[in-house]
Amino acid sequence: MTKALVTGPHGPPDISYNLDYDNYLARTQRRLQTEKLPKDLPSGFPQQIQNDLVWDGKDLAEKYDWNYTLTTDDLTEIESALRHFKAQNLGLGFINQDTFPLPNLHKTLRDISKEIHMGHGFKVIRGVPVASHTREENIIMYAGISCHIAPVRGRQSFLDTGVDVALAHVKDMTSVVYGSKIGAPAYTNVKQAFHTDIGDVVALLCLAEGVGGGESYLSSSWKVYNELAATRPDLIHTLSEYWAADTFGKIDIPYWHAPLLYHEPAKDTTPERVILHYSRRTFTGYLGLPRSANIPRLTEAQAEALDALHFTAEKYALSLDFRQGDIQYINNFGLFHGRASFQDSKEKQRHLIRIWLRDPEYAWEIPEPLRNKWDRVYKDVRPENTVFPLEPPIATGSDSNPGGKGLVAKGWHRLVQASQRMLSPS
């Protein structure tokens with residue numbers, strides 16, 4: 001009998017960030033034919049999980065309207081809140097429900113937060129008037145609306161000076177930066193594999209659309225779990241075991257050691273939940289950040305599990321067009337997200353900005369192995385220490401993830417000067 005490829009002297013599995021369906025099918029067939037795989041689920045894991053968060057993108061529109069279009073009254077209230085905040089001469093880190101008041105829209109936004117955490121897991125707010133405002137004003141409106149949905153903002157990264165960066169730009173930068181210097185697909189125009197971020201709620205505002213493509217894909221990780229639990233319980237074992245996720249030398253440990261899959265039993269106030277948390281590139285590397293050689297190799301089972309997550313998510317995915325002025329809010333514990341490739345021109349360049357949020361009222365319990373990651377995002381983020389870059393600094397091999405050693409960008413202080421404005425002495 002031919003043995004399946006394993007780690008060791010034969011080298012790591014044949015897998016990269018680029019998705020290869022034929023390779024996935026061949027590996028699956030080889031493992032099914034040559035390995036004795038578990039037929040039962042790990043102890044405690046459910047055969048199936050039922051909830052509004054379990055959905056199929058092919059028919060979801062028949063059951064759920066995920067769009068909320070801002071009304072004329074909403075827009076009037078947002079403009080009033082924008083003027084109110086600017087009149088206070090505060091740094092952008094001080095944007096909160098008091099400094100950006102939305103007395104009538106607030107209830108709608110709180111209902112949206114409940115839907116994100118306890119319903120279908122996402123919502124799109126449409127019609128933010130970005131075209132008629134400056135970049136700084138757009139960021140104020142974006143952060144202002146978002147703080148009513150989830151009042152706690154996380155850091156995307158921080159500078160050597162200890163300044164917390166609360167906003168990230170998602171844009172193709174390959175025309176101005178060599179590809180070998182780019183370590184994340186967010187800074188390219190290529191297809192992004194399904195993944196999760198770090199944080200409870202991922203918020204994305206579309207500042208500008210490209211020429212074509214760039215559809216946003218969402219998929220229920222609970223739907224993915226149900227299918228794998230029914231057809232490949234061995235992969236549930238693999239996903240619930242500890243993996244080595246590359247930190248690419250950006251923090252003081254070489255890799256995160258944690259499962260990709262967690263089970264949380266039902267409690268008095270919360271339903272039974274499963275949580276899938278992973279990013280493909282932390283196991284395969286990407287362009288300027290290849291997988292580190294000094295960390296544990298992937299196994300064949302892990303390589304198949306990575307592909308299974310993506311291709312099963314793709315099977316049930318929902319495609320959303322991302323229009324200028326849309327804000328997309330995603331439950332990062334219950335949904336995967338990805339992106340189609342896109343095309344830009346000199347005149348039209350796709351540009352999103354991202355914030356990570358947390359809502360203490362509806363927040364899910366954080367699995368213990370992930371707490372350190374979440375602390376690096378949310379712990380000790382202070383308003384007076386927070387900046388919002390107005391343009392995209394480039395994340396490269398020398399830049400940081402949350403908790404990293406520093407983010408270097410030419411002209412950085414010019415980019416964040418508006419964010420560092422403090423309350424005037426008067």
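The structure is a predicted model, in which local features need pLDDT of at least 70, side-chain atom pairs count only at pLDDT 80 or more, and totals for chains, interfaces and linings use all residues. Residues are numbered from 1 along each chain as its sequence is written, and side-chain values use heavy atoms, with hydrogens and water left out. The protein has ten helices and 22 strands; helices (H or I, at least four residues) and strands (E, at least two) are DSSP runs, numbered from the N terminus. Of its 426 residues, 57% count as buried, where buried means under 20% relative accessible area, exposed over 50%, and partly exposed in between (1.4 Å probe, protein chains only).

**Confidence**

- The mean pLDDT of the protein is 89, and 88% of its residues reach 70 or more; pLDDT is the predictor's confidence in each residue, from 0 to 100.
- Residues 1-10 have a pLDDT below 50, and this stretch has 18 contacts in the model beyond near neighbours in sequence; a contact means heavy atoms within 4.5 Å.
- Residues 395-426 also have a pLDDT below 50, and this stretch has 85 contacts beyond near neighbours in sequence.

**Overall organisation**

- Among contacts between residues at least 6 apart in sequence, 82% join residues at least 24 apart.
- Helix H4 (residues 135-149) has 15 residues, and its end C-alpha atoms are 21 Å apart, in agreement with the 21 Å that it should span at 1.5 Å a residue; the expected span of a helix is 1.5 Å times one less than its number of residues.
- Helix H4 is mostly covered, with 13 of its 15 residues buried.
- A search of the whole structure finds zero disulfides, a disulfide being a pair of cysteine sulfur atoms within 2.5 Å.
- Cysteine 147 counts as buried because its relative accessibility is 3%, and cysteine 206 is buried with a relative accessible area of 1%.

**Nonpolar cores**

- The largest nonpolar core has 70 residues, of which Phe122, Tyr225, Leu239 and Leu309 touch the most other members; such a core is a set of buried Ala, Val, Leu, Ile, Met, Phe, Trp, Tyr and Cys residues joined through side-chain atoms within 4.5 Å.
- Helix H8 (residues 300-315) contributes the largest share of this core, seven residues.
- Apart from this core lies another, of 38 residues, among them Leu92, Ile95, Ile116 and Ile355.

**Tyrosine 225**

- Tyrosine 225 lies in helix H5 (residues 221-231) and is buried, with a relative accessible area of 1%.
- Leaving aside neighbours within four places in sequence, tyrosine 225 is in contact with Leu41, Phe45, Pro46, Ile49, Ile236, Leu261 and Val274.
- Tyrosine 225 and valine 274 are 49 residues apart along the chain, and their C-alpha atoms are separated by 8.0 Å.

**Histidine 277**

- Histidine 277 lies in the loop between strand E14 (273-276) and helix H7 (281-284), and counts as buried because its relative accessibility is 7%.
- The side chains of histidine 277 and threonine 196 are joined by a polar contact of 3.1 Å; a polar contact is a pair of N or O atoms within 3.5 Å, and within protein one must be able to donate a hydrogen and the other to accept it, while residues adjacent in sequence count only if both atoms are side-chain atoms.
- Beyond neighbours within four places in sequence, the contacts of histidine 277 include Asp197, Ile198, Pro259 and Trp374.

**Aspartate 172**

- Aspartate 172 is found in the loop between strand E6 (168-171) and strand E7 (192-195), and counts as buried at 15% relative accessibility.
- The side chain of aspartate 172 makes a polar contact of 2.7 Å with the side chain of threonine 174.
- Setting aside neighbours within four places in sequence, aspartate 172 is in contact with Tyr187, Thr188, Asn189, Phe342 and Asp344.
- Aspartate 172 and aspartate 344 are 172 residues apart along the chain, with C-alpha atoms separated by 8.4 Å.

**Residues with positive phi**

- Asparagine 89, a residue other than glycine, has a positive phi near 55°.
- This asparagine 89 is found in the loop between helix H2 (72-87) and helix H3 (105-118), and counts as partly exposed at 31% relative accessibility.
- Aspartate 380 has a positive phi of about 60° although it is not a glycine.
- The loop between helix H9 (371-378) and strand E22 (386-387) holds aspartate 380, which is exposed, with a relative accessible area of 54%.
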